[in-house]
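Please look over the strand pairing and the salt bridges of the structure shown here. A short report follows the display.

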Amino acid sequence: MSYQTLIVSVAEGVATIRLNRPEALNALNRAMLGELVGCLAAFDSDDAVRAVVLTGSDRAFAAGADVREMAGQSFVTMFRDDVYGAESRALAGFRKPLVAAVAGYALGGGLELALMCDFIIAAETAKFGQPEINLGIVAGMGGTQRLTRLVGKSKAMDMHLTGRLMDAAEAERAGLVSRIVPADRLLAEAESAARSIAGRSMIAAMAVKEAVNMSQETGLAAGLAFERRLFHALFATADQKEGMAAFLDKRAAKFTDG
């Protein structure tokens, strides 16, 4: 399938999606978000795709939402059309592992998009920010909620209220990114991580996503109960039998996602 704002490839069970609006530093408009939602929906039902890497360019993962598209809008149209609502729910609901590979700017909606991924691998050149306050608005795709859960209230308030940028080193210290790599190794590192995930049981990987995401939505006791039920449930799968047999036999497991 061809896209106007994305470059997509699939190899070894890993799909790589590159945001491709270079003239706008990959600013997110409705067309790009629509294509991204459609692309991920197709991958969700494609057994050949077991993990996805989402990336941008060397200069920018995505430098925010497209201000030109928003500037003339009114409250009525934004509220009536629930702008970014359906897209955010669809992106956050993607069930397979989704890795963000970030170089350059990830600002505003760009950072919010990265936060919807399961983890972020950052190039040394990455810069993160929520500068919506400079436009007289607030984040609209989860920035006040997801960022705060990752870096804490103080840093989140600092970034949202001052609009300052966080570099890769600070982002790793704060827990925003999982690891930092040289810029020229970013995509290779992210795709290697995705291939590693793709070699595991997809049923188990999807359960991991559900369990970890639940930790952000509920209290400890309910989260522990949810995790334990998933743990128990996976003993009904062929992959659990194969994984444990392979461990005992000292061989590589051959998972079938069943």
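The sections below cover the basis of the model, the strands and the salt bridges.

## Basis

This is a predicted model, in which local features need pLDDT of at least 70 and side-chain atom pairs count only at pLDDT 80 or more, while totals for chains, interfaces and linings use all residues. Residues are numbered from 1 along each chain as its sequence is written, and side-chain values use heavy atoms, with hydrogens and water left out.

Helices (H or I, at least four residues) and strands (E, at least two) are DSSP runs, numbered from the N terminus. Two strands are said to pair if DSSP finds at least two bridges between them.

Strand E1 covers residues 6-11 and pairs with E2 in the antiparallel sense, over six bridges. Within this pairing, Ser 9 has Thr 16 of E2 as its bridge partner. E1 and E2 make a hairpin with two residues between them. In the turn, Glu 12 has a positive phi of about 55°.

Strand E2 (residues 14-19) also pairs with strand E3 (residues 51-55), here in the parallel sense and over five bridges. Thr 16 has Val 53 as its bridge partner in E3. Between E2 and E3 the chain passes through helix H1 (residues 30-44), and this β-α-β crossover is right-handed (with the strands pointing away from the viewer, the path from the first strand over the helix to the second runs clockwise). E2 is mostly covered, with five of its six residues buried. Buried means under 20% relative accessible area, exposed means over 50%, and partly exposed lies in between (1.4 Å probe, protein chains only).

## The four-stranded sheet

Four strands form an open sheet in the order E4-E6-E8-E9, and the pairing is mixed. Its edge strands are E4 (60-62) and E9 (165-167), each of which pairs on one side only. From one strand to the next, the twist averages 20° (axes are lines fitted to C-alpha atoms, for helices over the stretch in contact, and angles run from 0 to 180 degrees between N-to-C directions).

E4 pairs with strand E6 (residues 105-107) in the parallel sense over two bridges. In this pair, Ala 60 stands opposite Tyr 105 of E6.

## Salt bridges

The structure holds 14 salt bridges, each a side-chain nitrogen of Lys or Arg within 4 Å of a carboxyl oxygen of Asp or Glu. One of them joins the side chains of Arg 30 and Glu 87, at 3.0 Å from N to O. Arg 30 lies in helix H1 and Glu 87 in helix H4 (residues 85-92), so this pair ties together parts that are 57 residues apart in sequence. Arg 30 is partly exposed at 34% relative accessibility, whereas Glu 87 is buried at 11%.

In the salt bridge between Arg 80 and Asp 81, the closest N and O atoms are 3.2 Å apart. Arg 80 is exposed, with a relative accessible area of 58%, and Asp 81 is partly exposed at 40%. Arg 251 forms a salt bridge with Glu 242, with the closest N and O atoms 2.7 Å apart. Here Arg 251 is partly exposed at 38% and Glu 242 is buried at 18%.
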